[in-house]
Amino acid sequence: MSQLGTAFTEGIIAFAATNIDDILILLLFFSQIDSNFRRRHIFIGQYLGFAAIILASLPGFFGGLVVSREWIGLLGILPIAIGIKHLLEKDEDTTEVQTVSNDFTQTSPHNRILAVIWSILHPYTYKVAAITIANGGDNISIYIPLFAGQSLSSLGVILIVFFVMVAIWCAIAYLLSRHPAIAYILSRYGKHIVPFVLIGLGVFIMYERGTFSLLPWLK
């Protein structure tokens with residue numbers, strides 16, 4: 001597989017593995033849509049929150065510019081450790097989601113450009129962004145080793161994949177919000193798959209970076 005193809009695959013796997021629970025939160029948001037809380041608030045807020053998570057993860061890429069890829073690959077231990085931690089956690093653990101209040105009753109401007117600007121500045125948008133950041137804080141520990149050791153072009157591919165996947169995630173959550181039975185299956189079984197995906201991703205990061213060559217018995 002080419003370098004860009006590998007980056008594309010890593011991007012899809014990493015995003016899906018770290019954002020399964022985010023679909024559940026998006027489902028909650030979409031279930032609260034009314035004349036004041038609109039879909040665009042969810043969409044823009046999700047992008048703002050995810051962009052903040054990406055910015056917080058970029059030090060991994062810059063660190064990879066001065067450290068050899070083999071040693072950078074040791075960061076793959078992080079997603080492996082997180083996956084094992086999830087396996088050891090009890091099934092009773094639940095995700096606490098901060099709900100969106102209905103205290104704001106402002107109406108949007110009729111002009112389309114002003115409406116877009118107002119959506120970005122709207123309090124609901126920042127509520128969604130804040131919850132996205134809070135829920136995705138653990139993702140940083142996955143994205144840092146993913147970004148580390150990548151070339152600039154590979155990082156660009158991963159970021160493009162990530163931001164396209166945000167839109168896909170919003171669309172999936174919106175469709176699922178209209179099919180409660182499917183949403184139940186996802187919430188019931190989705191988290192059982194995530195630990196194994198994270199462990200596999202960590203092993204893949206170490207393999208792709210050549211980290212296993214540091215082990216004396218593999219030389």
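Student: Leaving aside neighbours within four places in sequence, which residues is F147 in contact with?
Tutor: Keep in mind that this is a predicted model. Beyond its sequence neighbours, F147 is in contact with I54, S57, L58, G60, F61, L155, I158, L159 and F162. F147 belongs to helix α9 and is one of its buried residues, along with I142, Y143, P145 and L146. Just after α9, G149 takes a positive phi of about 85 degrees.

Student: What is the overall pattern of the protein chain along the sequence?
Tutor: The pattern is α-α-α-α-α-α-α-α-α-α-α. That is 11 helices and 0 strands. Next, look at contacts between residues at least 6 apart in sequence: 85% of them join residues at least 24 apart. Of the 219 residues, 38% are buried.

Student: How do I read a nonpolar core, and which residues have the most contacts inside the largest one?
Tutor: Start with the general idea: in soluble globular proteins, nonpolar side chains tend to be buried together. Here the largest nonpolar core has 38 residues, and those with the most contacts inside it are F15, L26, F29, Y143, F147 and F162. Two or more core residues come from each of α1, α2, α3, α8, α9, α10 and α11. Helix α10, residues 152-176, gives the most, with 11 residues.

Student: How many aromatic pairs does the structure hold?
Tutor: There are 12. Take F50 and F163: their pair is edge-to-face, 5.8 Å centre to centre, with 90 degrees between the planes. F50 lies in α3 and F163 in α10, so the pair ties together parts that are 113 residues apart in sequence. F50 is buried at 2% relative accessibility, whereas F163 is partly exposed at 25%.

Student: And Y143 with F147: stacked or edge-to-face?
Tutor: Stacked, at 6.1 Å centre to centre and 20 degrees between the planes. Recall the helix rule: an α-helix has 3.6 residues a turn, so residues three or four places apart point the same way. Y143 and F147 are 4 residues apart in helix α9, so about one helical turn separates them. Both are buried.

Student: Which residues form the aromatic cluster?
Tutor: F15, F43, Y47, F50, Y143, F147, F162, F163 and W169 form one cluster.

Student: Now a loop residue. Is N19 buried or exposed?
Tutor: N19 counts as buried because its relative accessibility is 3%, below the 20% cut-off. N19 lies in the loop between α1 and α2. Beyond four places in sequence, N19 touches F50, N139, Y143 and W169. Three of those names, F50, Y143 and W169, are also in the aromatic cluster.

Notes: Residues are numbered from 1 along each chain as its sequence is written. This is a predicted model: local features need pLDDT of at least 70, side-chain atom pairs count only at pLDDT 80 or more; totals for chains, interfaces and linings use all residues. Side-chain values use heavy atoms; hydrogens and water are left out. Buried means under 20% relative accessible area, exposed over 50%, partly exposed in between (1.4 Å probe, protein chains only). Contact means heavy atoms within 4.5 Å. A nonpolar core is a set of buried Ala, Val, Leu, Ile, Met, Phe, Trp, Tyr and Cys residues joined through side-chain atoms within 4.5 Å. Rings of Phe, Tyr and Trp (its six-membered ring) pair if their centres lie within 6.5 Å; planes under 30 degrees apart count as stacked, over 60 as edge-to-face and the rest as tilted.
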